[in-house]
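Subject: Handover of a structure, with findings

Dear colleague,

Please find below the structure that I am handing over to you. Kindly keep it open while you read the notes that come after it.

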Amino acid sequence: MGFAEVLGHDRVKTILSSALGHGRLPPALLFSGPDGVGKKALALVCARALVCERRRDDACEQCASCMRAARGLHPDVVLVEPDGATIKIDRVRDVAREIGARPFEARSRAFVIDEAHLLTEQAANALLKSLEEPCPTSHVLLVTAAPQALLPTIRSRCQTLRVGTLPPALLGEHLETRRGLPREEAHLRAVLSGGSLGAALAFEPEAYRGLRDALLKLLEAIPRQGPFERMDAAQKLADVDDLPLALTALRALLRDIAALAAGAPEGSVLNADVVARLRALAGGPLGRRAGELAASIAETREALRTNANPLLSMDVLMDRLAGQFVLAPAGAAC
């Protein structure tokens, strides 16, 4: 795989290709961005370009060095991955010794550290010593979705490349033309994956639809529920096996309801197979605030990523949803 085979990220690929071609790749690079968007793929192409026999600005994927590197057999391309839940100090000590050594056969050496935020404190400190005085022919490429979890001293010694999410249109086209998915499913995955190819490929449509149908029933039942029933619904929602997927499904429903309330054609909604039920909700009180509520789902997901209490978060969410069905007194301001 060369840069051309990595989906999207043209700006980042141009920066890397230019730095490689001019022999100015920094000794330490930090590839930062969401999970599944291609950070590791970019780092590995960069590593293979450093040992490529034919090119300097990319991996040709045809020379012996590129093919050995792709199979994990090139001595000058080292991939470090977590051993269980962490990257341990013994592994980093071995790598640190190699960072300080000359290449075995290529012009440079590349050390790709995936999930770098899982370095233990001792391992991070051991790596820091290598970053402070790197060998001129060694390049350390750190890959992480959580750069804030790295030691500030490590971040300060790296040039950071932000790898963003993929546009839904690009992702959908790739899933349809390159992965052979039907157009509707490709579109569904592209929109719900949050711009992550990894998430789109791991997406389970049947699991999504099961959660979606349960949540649609919840939205339909809220106007008839009292406080205790809402508490029970919040508990059930907090206990689902895949809460992030449930919130993704709920956000998709609310976005469709908001679109229908605004006059969008039925064919434009994501959950087209349940459009009649969505239109009924769009015509009620929920339709007026569905867009705002959909945005709050993203805030809830982010809060859960930072260890917010799931049950408390779902209680708050249920109260927000129920609040849309309380009719304002006559003459009250909108």
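Predicted model: local features only at pLDDT ≥ 70, side-chain atom pairs only at ≥ 80, totals over all residues.

Residues are numbered from 1 along each chain as its sequence is written, and side-chain values use heavy atoms, with hydrogens and water left out.

Helices and strands are DSSP runs numbered from the N terminus (helices: H or I, at least four residues; strands: E, at least two). The axes of helix 12 (residues 243-261) and helix 14 (residues 285-305) come within 7 Å and cross at roughly 160 degrees. Axes here are lines fitted to C-alpha atoms, for helices over the stretch in contact, and angles run from 0 to 180 degrees between N-to-C directions. Helix 12 is therefore roughly antiparallel to helix 14 (angles over 145 degrees count as such). Residues of helix 12, including Leu 247, Leu 254 and Ala 258, meet residues of helix 14, including Ala 290, Ile 297 and Thr 300; contact means heavy atoms within 4.5 Å. By class, this contact has 15 nonpolar, 4 polar and 3 charged residues. In that count, Ala, Val, Leu, Ile, Met, Phe, Trp, Tyr, Cys and Pro are nonpolar, Asp, Glu, Lys and Arg are charged, and the others, Gly among them, are polar.

The largest nonpolar core has 44 residues, of which Leu 219, Leu 254, Met 314 and Leu 321 touch the most other members. Such a core is a set of buried Ala, Val, Leu, Ile, Met, Phe, Trp, Tyr and Cys residues joined through side-chain atoms within 4.5 Å. Helix 12 gives the largest share of this core, 12 residues. Apart from this core lies another, of 33 residues, among them Leu 29, Val 37, Cys 66 and Ala 110.

Thr 300 lies in helix 14 and counts as buried because its relative accessibility is 9% (buried means under 20% relative accessible area, with a 1.4 Å probe and protein chains only). Not counting residues up to four places away in sequence, Thr 300 touches Leu 247, Ser 313 and Met 314.

Ser 108 sits in the loop between helix 4 (89-99) and strand 3 (109-113). Ser 108 is also buried, at 10% relative accessibility. Beyond its neighbours within four places in sequence, Ser 108 contacts Leu 50, Val 51, Asp 76, Pro 103, Thr 137 and His 139.

A colleague

Key. Parallel < 35°, antiparallel > 145°, perpendicular 65-115°, else oblique. Buried < 20%, exposed > 50% of the residue type's maximum accessible area, 1.4 Å probe, protein only.
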